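Keep the 3D view open while you read.

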Amino acid sequence: MPRFSVVVPAYRLQAYLHACLESVLSQTYESDESPAFDLEVIAVDAGSPDSCGEIIDEFAARDPRVVAVHLPADPADPGQGPGPARNAGLARATGDYVLFLDGDDTLAPHALRDIADRLDASGDPDVLVFGHARTHWSGETERLPLPDHLTESGPAAFQLTERPALLRQPAPAWTKAYKREFLDRERLAFAPGPRTDTSWTYAALLAAGSLSTLERACVHHRLRRTPATDPGRHFDLFPQYDRVFAFVDSRPELASWRPVLVRRMADHFAAASATVLAAPGLPARTRAEFFRLARAHYGRHRIPGAAGLRYAGVRFGTYRTYRVLRGIRTVRTRTRALAAALLRPARSAALRLHYRVQLRLPVRDDLAVFAAYWHRGYACSPAAIEAKVRELVPRVRTAWITTPEHDATVPAATRRLRPDGFGYFTALARAKYLVNNVEFDHRLVKRPGQILLQTHHGTPLKTVGLDLADRPPVARSTDFARLLADADKWDFALSANRHATLTGERAFPAAYTTLEYGSPRNDALCRATPADTARLRGQLGVPGRSTVILYAPTYRDYSRRQHLPLDLERLGRMLGPEFFVLVRAHFAYGAPLSGVPLPGVLDVTGHPSIEELCLISDALVTDYSSLMFDYAHLDRPVVILDDDREAYEAARGTYFDLRSCPPGAVARTEDELVDIFTTGHWRGSRSAQLRSAFRSRFCPYDDGHAAERVVRRVFLGETGTAIANLPEQRARTPEFAPPKANSQAPH
């Protein structure tokens, strides 16, 4: 007898059914008694008019664990939902536990193993409840916050009275594992209809003698791009709740749950009402009928005093009232849009006139303007240089261009400028010093007397600038003529090492002077103390004795979706309590790597300082990010996760083969990465040798004084010996020589 029976109904899902069945058959769980047959998959063709039946037969022919079931098509009643197919699969199930999985969903890797472990730990309860993630039609997976009532703390097995919040858990049948003996004993079956999970789930939870929870997303539920305009899909809620209350009425011992279910029904009706009202194409008569039925059902099943004003919308709501309120909101929205459309051209013209006037006024020698990462706050080398300007050149007033959401990152002593504001154009026109790690506004007119310093943002491993001209898929709509015109405005370009110098002068050919001074953003890494690290760890809540791993992947040009080759939940579990993982997404995605709390994992995408995250970590895991060059200055282990090198090289390209001179150990899969850390290879002698060679090549100047060298050269005009003879610089790099001007002619 198998441990698990997974029932998979399929109807018009041929595009997704392969992935669904493979996700089940590839599970790592197996028992000692019968490793080959400890799982059965009952795939049910619900009379599907596409190739679902053929796909199921193909799987059954090649894998004895697959049981094929074919139901006759019923053209007269196509809206029965998955209930009949699930019932047919349940009738064939022989496993100890039954799981249901829709034919377009997938099981998460190792989900059955985790479910089996939790069932064993909780004494084989009647029902085990677990979480799920969403897979959008575009392919992106969204991890949902796991509700508190799924916590594994407390008794491993319990009754519903001890955790009634489980009734607020989303209703899908596929978020649970059911003991088959329990289902047979209670004679539970699915009702027909698209909302059949509603009546099934409440009946199963209420009838269960013992429950348990698993604090993990075991199912990836696909949200398909299909119109939801069929009113029957929403109207099916009413007979489903009738079945719920009929089940309660048939069992007097469940009467105390009726008020809870009434409140849940009202919440469900309210949410469904919003969906019905927003669905395009539904006639007003249909919408009004839904309101009428919702109000009637609430009146039929509610208990006096069980609900108050919170459910007045369901109890007293009418479609006519909704239409009046919607009309008011529509008029207000359109009025605001019209006012904005009239004011926008006038403001744009005023800004252009203002900038032209400012360009006729003198350049101010006491003003410096800074920006970084397209106005994403105080960061990178421009931030380090700005702080050093305030220290060494107090006569110069500094201003920082930032959007409002990043105001808190800018020091109080520094003026804030809003992009596209009047103060912004005044500063661009009149500031003597302009510092950025990306391009400034293309409308910038470079005036005589202004000095523009381009700091870049890291040592280039991936191809940049003019070198992207041979890579149209990556360059997309890049205007290379404008790129060169922007480079012609530079007076200085900062470089961290000789590789960056040579690459930069080829990729951005212009008449600027390269300052091979090191990377100012790394000054903080060189000067931090153990007390600084302890303070920062405390601020983020990092466990004091944990070994902290910072995982920071870079941007993928070949994919619009965020690249995440790691199951972060599994990674935290496999590494164990000794390690604590910080994960940080590339800023270009505008979204975290992990949107939900996970054991042993903390998403720090929103943390303003990558330098602080480097300081509190004991090791870095990255792929092709320039962060590896900065992190190497700490002389701490770096592990490269090289899982998609061929795709990355084909799309973006790199200036050298990272495998020939890696900064540490290289992993190609998640399992290899786990092995590197659990065996200690990440900090072994071979990793130390690789890191030493990498640092010698790419970290010759970073001694904590790069920003000072830049300020002395650009803001104070010191050259030659005045910079080369800094005591700290001379001690570290006696071969340091003043930079030479770029000899390439401008375009």
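## Ground rules

You're looking at a predicted model, where local features need pLDDT of at least 70 and side-chain atom pairs count only at pLDDT 80 or more, while totals for chains, interfaces and linings use all residues. Residues are numbered from 1 along each chain as its sequence is written, and side-chain values use heavy atoms, with hydrogens and water left out.

## The big picture

The protein holds 28 helices and 22 strands. Both are DSSP runs numbered from the N terminus: helices are H or I with at least four residues, and strands are E with at least two.

Of the 747 residues, 53% count as buried. Buried means under 20% relative accessible area, exposed means over 50%, and partly exposed is in between, using a 1.4 Å probe and protein chains only. As for contacts (heavy atoms within 4.5 Å), take those in the protein with a separation of 6 or more: residues 24 or more positions apart account for 73% of them.

## A six-stranded sheet

Now back to β20 and its neighbours. They belong to an open sheet of six strands, in the order β19-β18-β17-β20-β21-β22, with parallel pairing. At the edges sit β19 (601-603) and β22 (666-667), each pairing on one side only. Two strands pair if DSSP finds at least two bridges between them. Strands β17 (residues 547-551) and β20 (residues 619-622) are joined in the parallel sense over three bridges.

β14 pairs with strand β13 (residues 431-436) in the parallel sense over four bridges. Strand β15 (residues 492-495) also runs parallel to β14, joined by two bridges.

## Aromatic pairs

Rings of Phe, Tyr and Trp (its six-membered ring) pair if their centres lie within 6.5 Å; planes under 30 degrees apart count as stacked, over 60 as edge-to-face and the rest as tilted. By this rule there are 26 aromatic pairs. Take Y178 and W200: their ring centres are 5.5 Å apart and their planes are at 75°, so the pair is edge-to-face. Y178 lies in strand β8 (residues 176-179) and W200 in helix α6 (residues 196-207), so the pair ties together parts 22 residues apart in sequence. Both Y178 and W200 are buried.

F579 and W682 make another edge-to-face pair, at 6.3 Å centre to centre with 70° between the planes. F579 is in strand β18 (residues 579-583) and W682 in the loop between α24 (670-678) and α25 (685-698), so this pair ties together parts 103 residues apart in sequence. F579 is buried, with a relative accessible area of 5%, and W682 is buried too, at 4%.

## Around A368

A368 lies in strand β10 (residues 364-371). How accessible is A368, and is it buried or exposed? At 0% relative accessibility, A368 counts as buried. The C-alpha atoms of A368 and A399 are separated by 6.3 Å, though these residues are 31 apart along the chain.

Leaving aside its neighbours within four places in sequence, A368 is in contact with V396, R397, T398, A399, Y433 and F715. Y433 and F715 also turn up in one aromatic cluster with F370, Y378 and W400.

## An enclosed helix

Why is helix α20 (residues 568-575) largely enclosed by the rest of the structure? The description applies because six of its eight residues are buried, namely L568, E569, R570, L571, G572 and L575. Just after α20, G576 takes a positive phi of about 85°.
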